Amino acid sequence: MKKKFIFLAILFLISKFTFTQSISPDLVKSISFLKQNDNRLSNVFVGTLNERFSLSFDILSGIEHDLYYIIEHCDYDWKKSRLIKSEYIQGFDDVKIDNYSSSFNTYQIYTHYNVGFPNSNTSFKKSGNYIIKIIDEYGEELFRRKFILYENLVTVQTEIKRSRQIEFINEKQVVNFEINPINIQINNPNKTVKVKVYKNNELYYSIDNIKPQYNMGKKLIYRYDIDLSFWGGNEYLFFENKFVRNTSINIRGFDLNDIYSNFLYDDFSRKNKKYTYNPDINGGFLFNVNNSPNPEFEADYVNIHFYLQKPKAFNLENKIYVVGDFNNYELSNEFLMRFDSRTNLFESVIMLKQGFYNYKYIAVDPNNKIIQGEISGNFDETENEYNVIVYYRNFGERYDRVVGAGKGLSEFISN
């Protein structure tokens, strides 16, 4: 009897360990925000306080896990604000995500999850920076993403100019803008107003906390040349594999083992080449599969083989990564290129869902500092989208409101 009890106890512990393992982060793919009535996916969402949007992602398993979302309100610097949850959420969070679908007719089995906001459980009462965390049933965090909700209390007029610094006139772009209050009285803007300016959706590489250069009536004028300058970069590279068994302008071949593979043509350094116009969607991506109205759960996963010719005189102590909105510009081993001395190529294999992708290569020195333009070059002609986020905290207030947002396109760059 005692032996039987010990055996059952061991069996219980084994079963508990087996069935309570957390989901491996490697199984979480295709994390993306989507605006209502838009098909372009993004790694960050910026919208008005009551605008509809959704967050979706895939778990590469056939198990339908119980997953939940937690939402935190943050200050300008992305640190948790002093507001309690009931002050910024109407309803509650820590809610199970009940909108999910199993993949259909795919080699790679996965479950697609989607949660839209505002919903019957959760809507937002305050503007500001937000972080959404996805957790499993055991409280383990799978990932987090940032989004920004703003009030239309100011207008932001932007203008993109070439740098006035002679040495960078062909390489940098400068963001000039004006903030015009329309439904708010701004007091002491040098202390109460903060701005965040970033290029495309590269929120992590923003220029922050620039003070107004001067006032013109109620308008706040920002016309700095050096402080608001960005490296122009280059147009994104791209591929499309909605026809996974076809070659295309950027895909030279395919193969099928456990799942499909697509092999891209070799890319090369554009650092010392002339600028060439190449239409892109500024780092974005979308899912797409031939003859399917439901790519979110009918698109298959494909191993994408990236190849980059070794740039001349490139220091092999530096690292090269493949980045874009599709991976939140993450510099991790999953997206690291490995150098093959036999072929003189940097190579990487990344599993991605079928669709259209913008991507670029980033070089990083041994101190993990990005070497701007080392692979793609920097050109003032590059078409970029710039975002300006305006924060305001009046005296006595306990959080940073986002009172407006503006966009500017370098397509209309001027001297």
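Two residues are said to be in contact when they have heavy atoms within 4.5 Å of each other. Among contacts in the protein chain between residues at least 6 apart in sequence, 72% join residues at least 24 apart. The structure is a predicted model, in which local features need pLDDT of at least 70 and side-chain atom pairs count only at pLDDT 80 or more, while totals for chains, interfaces and linings use all residues. Residues are numbered from 1 along each chain as its sequence is written, and side-chain values use heavy atoms, with hydrogens and water left out.

The secondary structure of the protein chain comes to 4 helices and 30 strands, where helices (H or I, at least four residues) and strands (E, at least two) are DSSP runs, numbered from the N terminus. The radius of gyration of the chain is 24 Å, close to the 22 Å that the globule rule gives for 415 residues, so the chain is as compact as a globular protein of that length; this radius is taken over C-alpha atoms, and the rule is 2.2 Å times the number of residues to the power 0.38. Along its principal axes, the C-alpha trace spans about 85 × 60 × 45 Å. Of the 415 residues, 53% count as buried, a word that means under 20% relative accessible area, with exposed meaning over 50% and partly exposed in between (1.4 Å probe, protein chains only). The chain exposes about 20,700 Å², and carbon and sulfur atoms supply 49% of this area; accessible areas come from the Shrake-Rupley method with a 1.4 Å probe, and for residues only the protein chains shown count as cover.

From the surface we turn to the spaces in the model. Rolling a probe the size of a water molecule over the atoms shows where empty space is left. On a 1 Å grid over the protein atoms alone, a cavity is a set of points where a 1.4 Å probe fits but cannot get out, whereas a pocket is an open set with protein on both sides within 12 Å along at least five of seven lines, and lining residues have an atom within 4 Å of a point. Grid points are joined across faces, edges and corners, and a volume is the space filled by probe spheres set on the points.

The largest pocket holds about 480 Å³ of space. Its lining is made of 28 residues, of which Lys 199, Glu 202, Trp 231, Lys 360 and Gln 372 lie nearest the centre of the pocket. Strands β18 (229–231), β27 (355–364) and β28 (370–371) each supply at least two residues of this lining, and β27 gives the most, with 4 residues. By class, the lining of the pocket divides into 10 nonpolar, 11 polar and 7 charged residues, where Ala, Val, Leu, Ile, Met, Phe, Trp, Tyr, Cys and Pro count as nonpolar, Asp, Glu, Lys and Arg as charged, and the others, Gly among them, as polar.

Gln 372, one of the residues nearest the centre of that pocket, lies in the loop between β28 and β29 (385–392). Gln 372 is partly exposed, with a relative accessible area of 45%, and, leaving aside its neighbours within four places in sequence, it is in contact with Trp 231 and Asn 378. In the loop between β27 and β28 lies Asn 368, which counts as exposed at 56% relative accessibility.

The largest cavity contains about 40 Å³ of space and is lined by Asn 43, Val 44, Arg 145, Lys 146, Leu 203, Tyr 204 and Asn 328. That lining has 3 nonpolar, 2 polar and 2 charged residues.

Some details of the backbone also deserve attention. Most residues other than glycine have a negative phi, and most peptide bonds are trans. The peptide bond from Phe 117 to Pro 118, however, is cis, with omega near -10 degrees, and Pro 118 sits in the loop between β8 (111–117) and β9 (122–124). Asn 188, although not a glycine, has a positive phi of about 45 degrees; this residue lies in the loop between β13 (172–181) and α3 (189–192). Asn 209, also not a glycine, has a positive phi of about 55 degrees and is found in the loop between β15 (207–208) and β16 (214–216).

Towards the end of the chain, Glu 411 has its place in the segment after β30 (401–409). Glu 411 and Ile 160 are 251 residues apart in sequence and 8.5 Å apart in space, C-alpha to C-alpha.
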